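User: Hey, I've just opened this one and I'm new to it. Can you walk me through what's in there?
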Amino acid sequence: MNYTKPTKMRMKKIMTVCIFFLGMSLTGFAQSEDIKQQVKEKVNEINDQIISVNEFLELTDDQKEEIQSILEKRLKEIDKAKRKGMDKNEIKKISKKYFQKIHKEVLNSKQKEAIKQAKERMKGKD
């Protein structure tokens, strides 16, 4: 095909814009995957604390999903707070709010006690 110069320029601009948006969407996807990985690790950590005390108190699949949802919201809020330049104390408050939500709304009383015992055991090893 024989394109004129203005058409070639437009095509280059279109390709540049397409590549830019593709790059941005891939970056967003990578960040999303990173958040999911962090959340999954934290859910496993919580579950490990519980089963270290009593393996029969393991988190159910529904509990894991609820905790994952809460922790994803937590990480997104922390990310926003960091971008706004909030200090560490404010970020700790955000984390505390979400972990309290997990304790109040997701875990049963025996699981809460198991986490408490696991943390006390860890303090004793320090």
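Analyst: On the terms, buried means under 20% relative accessible area, exposed means over 50%, and partly exposed is in between (1.4 Å probe, protein chains only). This is a predicted model, where local features need pLDDT of at least 70 and side-chain atom pairs count only at pLDDT 80 or more, while totals for chains, interfaces and linings use all residues. Residues are numbered from 1 along each chain as its sequence is written, and side-chain values use heavy atoms, with hydrogens and water left out.

User: Where is the place of Thr60?
Analyst: Thr60 is in the loop between H1 and H2. Its C-alpha is 9.8 Å in space from the C-alpha of Leu107, and the two are 47 residues apart in sequence.

User: OK, zooming out. How many helices and strands are there in the protein chain?
Analyst: The protein chain has 4 helices and 0 strands, and along the sequence the pattern reads α-α-α-α. Helices (H or I, at least four residues) and strands (E, at least two) are DSSP runs, numbered from the N terminus.

User: And what's the mean pLDDT of the chain?
Analyst: The mean is 84, with 83% of the residues reaching 70 or more. pLDDT is the predictor's confidence in each residue, from 0 to 100.

User: Which elements have the lowest and highest mean pLDDT?
Analyst: H1 has the lowest, at 76, and helix H3 (residues 88–105) has the highest, at 94.

User: What share of the residues is buried?
Analyst: Buried residues are 21% of the 126 in the protein chain. One of them is Asn47, which is buried because its relative accessible area is 6%. Asn47 is in helix H1, and its C-alpha is 8.6 Å from that of Lys64, 17 residues apart along the chain.

User: Switching topic. How many salt bridges does the structure hold?
Analyst: It holds 5. A salt bridge here is a side-chain nitrogen of Lys or Arg within 4 Å of a carboxyl oxygen of Asp or Glu.

User: Why would side chains pair like that?
Analyst: Side chains of opposite charge can pair when their charged atoms come close.

User: Got it. What does Lys42 form a salt bridge with?
Analyst: Lys42 pairs with Glu45, and the closest N and O atoms are 2.9 Å apart. The two are 3 residues apart in helix H1, so about one helical turn separates them. Lys42 is partly exposed, at 25% relative accessible area, and Glu45 is partly exposed too, at 38%.

User: What about the surface, which residues form the negative patch?
Analyst: Glu55, Glu58, Asp61, Asp62, Glu65 and Glu66 form it. Patches are made of residues with over 30% relative accessible area and no salt bridge, with like charges joined within 9 Å and nonpolar side chains (Val, Leu, Ile, Met, Phe, Trp, Tyr) within 5 Å. Lys and Arg count as positive and Asp and Glu as negative, while His and the chain ends are not counted. The place of a charge is taken as NZ of Lys, CZ of Arg, CG of Asp or CD of Glu, and accessible areas come from the Shrake-Rupley method with a 1.4 Å probe, with only the protein chains shown counting as cover for residues.

User: Is Glu55 buried or exposed?
Analyst: Glu55 is exposed, with a relative accessible area of 57%. It is in the loop between helix H1 (5–53) and helix H2 (61–83).

User: And which residues form the positive patch?
Analyst: That patch is formed by Lys36, Lys76, Lys80 and Lys84. Lys84 is in the loop between H2 and H3, and at 68% relative accessibility it counts as exposed.
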